[in-house]
Amino acid sequence: TYAISAEWDLDPISGDWNTPVNWTPVGVPDGPGDVATFGLSNTTDVSVSADTEVNGITFTSAATNPYTITAMPGLTLTISGAGITNNSGVTQHFVTAVDGAGNNGSIFFTNSATAGTSTVFTNNGAAVATLRTTAGLTRFSDNSTAGNGTFINNGGAANGAIGGFTNFRDASTAASGRFTNNGGTGGGGFW
């Protein structure tokens with residue numbers, strides 16, 4: 001399927017971002033010039049099932065039921081252009097998921113992308129203790145910004161497991177973002 005800008009359907013067949021028929025026109029927004037638009041839908045739990053990149057994500061005024069967009073374990077959602085535009089009037093949610101095999105989901109903001117306004121990012125702590133980074137991660141690089149987003153970094157779920165985190169690189173900024181770091185359920189974690 002060719003990369004396109006598209007709007008999430010009112011009645012998609014699943015919550016899978018990467019299923020072409022869930023979008024109008026048919027096709028998956030997955031390219032540095034693409035914009036994924038979310039309006040009114042009966043399915044608002046959306047999961048990224050493949051590494052995906054978009055220029056921006058727009059929530060229209062019709063998106064009055066809050067969405068939760070999840071980067072599944074082992075996968076990355078990259079927002080590389082305009083960033084997130086939330087015109088819905090409600091808070092929209094993003095999650096970086098983890099699994100028991102030590103895989104983590106990631107959300108990357110690059111170039112000058114912004115996390116926008118009335119957005120909440122939940123970075124889950126690792127489910128298992130390993131020496132590699134296995135916790136949920138939201139990363140800002142280049143000149144990207146946290147905007148007015150809220151970031152919740154949850155602690156690890158096992159003894160020695162690292163917590164979810166938000167990371168800033170290059171000339172990126174926290175701007176007016178709000179950050180909460182929650183403790184883990186196990187002891188001896190690091191990071």
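In this predicted model, F38 stands opposite F59 in β5. Strand β3 is joined to β5 by five bridges, and the two run parallel. On from there, β5 pairs with β7, again in the parallel sense, over seven bridges.

A second open sheet has six strands, ordered β4-β6-β8-β10-β12-β14, and its pairing is parallel. Its edge strands are β4 (45-48) and β14 (178-181), each of which pairs on one side only. Neighbouring strands of this sheet are turned against each other by 15° on average, direction ignored. Inside the sheet, four bridges join β6 (residues 68-71) to β8 (residues 92-96), which run parallel. T70 in this pairing stands opposite V95 in β8. Strands of a sheet pair through backbone hydrogen bonds, in either the parallel or the antiparallel sense.

The next topic is the packing of side chains. The largest nonpolar core has 28 residues, and those touching the most other members are W17, F38, I57, F59, I79 and F109. Two or more residues of this core come from each of β1 (6-8), β3 (31-38), β4, β5 (52-59), β6, β7 (76-86) and β9 (106-109). Apart from this core lies another, of six residues, among them A126, L137, A161 and I162.

F59 returns here with a list of contacts. Leaving aside residues up to four places away in sequence, F59 touches F38, Y67, I69, I84, T85, N86, N87, S88, Q92 and F94. One of these, F38, is the residue that F59 faces across the pairing of β3 and β5.

N18 lies in the loop between β1 and β2. With a relative accessible area of 17%, N18 is buried, because the cut-off for that class is under 20%. The side chain of N18 reaches the backbone nitrogen of A50 at 3.3 Å. Residues up to four places away in sequence aside, N18 touches V28, S47, V48, S49, A50 and T52. Of these, S47 and V48 fall in the range of edge strand β4 (45-48).

The whole chain can now be described. The protein has zero helices and 14 strands. Its radius of gyration is 16 Å, close to the 16 Å that the globule rule gives for 191 residues, so the protein is as compact as a globular protein of that length. The C-alpha trace spans about 50 × 35 × 30 Å along its principal axes. Of the 191 residues, 49% count as buried. Among contacts between residues at least 6 apart in sequence, 74% join residues at least 24 apart.

How values were computed. Residues are numbered from 1 along each chain as its sequence is written. This is a predicted model: local features need pLDDT of at least 70, side-chain atom pairs count only at pLDDT 80 or more; totals for chains, interfaces and linings use all residues. Side-chain values use heavy atoms; hydrogens and water are left out. Two strands pair if DSSP finds at least two bridges between them. Axes are lines fitted to C-alpha atoms, for helices over the stretch in contact, and angles run from 0 to 180 degrees between N-to-C directions. A nonpolar core is a set of buried Ala, Val, Leu, Ile, Met, Phe, Trp, Tyr and Cys residues joined through side-chain atoms within 4.5 Å. Buried means under 20% relative accessible area, exposed over 50%, partly exposed in between (1.4 Å probe, protein chains only). Contact means heavy atoms within 4.5 Å. A polar contact is a pair of N or O atoms within 3.5 Å; within protein, one must be able to donate a hydrogen and the other to accept it, and residues adjacent in sequence count only if both atoms are side-chain atoms. The radius of gyration is taken over C-alpha atoms; the globule rule is 2.2 Å times the number of residues to the power 0.38.
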